[in-house]
Amino acid sequence: MSATTTLSTGTHPDPARADGGLTFISTWSTGSPDRQRATLDAIAKAWETRPWPHEGLLSYTVYAGSDGSTVLHHSQWRDEEAYEEFFASAANGRDARNTEIDAAVPGVERLGLNKTRLYRSWTDGRGREGREPGAIVIVQVDFDGPDADRQRAWVDGVVDALDSDPAEGRALYSAHFHVSTDGTRVVNYAEWESEQAHIDALAAAGEGVGSPTPQWRRVQEFPGVVADGAVARYRFAYGFVPSQA
């Protein structure tokens, strides 16, 4: 375990950073806005008061769901080997952090963990400098079986649709498409100007963002999709990085 200090940061992570080989995206359910806030604060305390857990962990960020209950976790790892080394170590502090959080807010429900790799990113071309997103939108798409080629083909279709619809660039800053390592899911981590901008975009499109174009229709009719478009909105709460980052 690394003895590096944990540094709290007020900025979003860069989902497309070149040294990130593995990304974990997971959600917890807390049950109410008050419990959501208490959970986020307990997470922050558990991390800020301990050393950085492993040199292979590049960033860890938590977000508050707009539903007033969920908490999103986003962690970037250097590679699979680093994560496995961390997980196998008895001194990684993981159990101690979780125990402290559960003691502060009993009954938090862990809803699921997505182990992913970034496959492809789309941006509006204006760069990140001075433009922190006001909302993170997570879109999860499930397929009827494992197929890495199909995951990538679906993502390629969405990127083509985004490129065909320049109006998206007004409020959608970027979309980062993560493919699950088991081949069955794509998780899109999208950076938006604001929650309201995303709500307005969905309302304007009727059936979904960009749905009138042929490219979007091909995405919507893509074969093998069994659960398409599970959408959740989040706002930044806390971010942590190793002190030398």
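Helices (H or I, at least four residues) and strands (E, at least two) are DSSP runs, numbered from the N terminus. The views below show a predicted model, in which local features need pLDDT of at least 70, side-chain atom pairs count only at pLDDT 80 or more, and totals for chains, interfaces and linings use all residues. Residues are numbered from 1 along each chain as its sequence is written, and side-chain values use heavy atoms, with hydrogens and water left out.

View 1. Rolling a probe the size of a water molecule over the atoms shows where empty space is left. On a 1 Å grid over the protein atoms alone, a pocket is an open set of points where a 1.4 Å probe fits, with protein on both sides within 12 Å along at least five of seven lines, and lining residues have an atom within 4 Å of a point. The largest pocket holds about 550 Å³ of space, a volume filled by probe spheres set on the points, which are joined across faces, edges and corners. Its lining has 21 residues, and Ser26, Tyr60, Arg94, Asn98 and Leu113 lie nearest the centre. Strand 2, helix 1 (33–48), strand 3 (57–65), strand 4, helix 2, helix 3 and strand 5 each give at least two residues to this lining, with helix 3 supplying the largest share, four residues.

**View 2. Helix 2 and its two faces.** Look along residues 80–88 to find the buried residues Ala82, Tyr83 and Phe86 (buried means under 20% relative accessible area, exposed over 50%, partly exposed in between, with a 1.4 Å probe and protein chains only). They sit on the same side of helix 2 because they cover an arc of only 95° around the axis, taken from the directions from the helix axis to the C-beta atoms. Glu81 and Ala88 are exposed on the face turned away from that buried side. Strand 2 (22–29), strand 4 (70–77) and helix 3 (94–104) are among what covers the buried residues, where contact means heavy atoms within 4.5 Å.

**View 3. Leu113 on strand 5.** Here is a residue of strand 5 (residues 109–123). Leu113 is exposed, at 53% relative accessible area. Beyond its neighbours within four places in sequence, Leu113 touches Phe24, Ile25 and Ser26. His73 is 40 residues from Leu113 in sequence, yet their C-alpha atoms are 9.1 Å apart in space.

**View 4. Asn188 on strand 8.** Asn188 belongs to strand 8 (residues 185–192) and counts as buried at 11% relative accessibility. Setting aside neighbours within four places in sequence, its contacts include Val137, Ala175 and Phe177.
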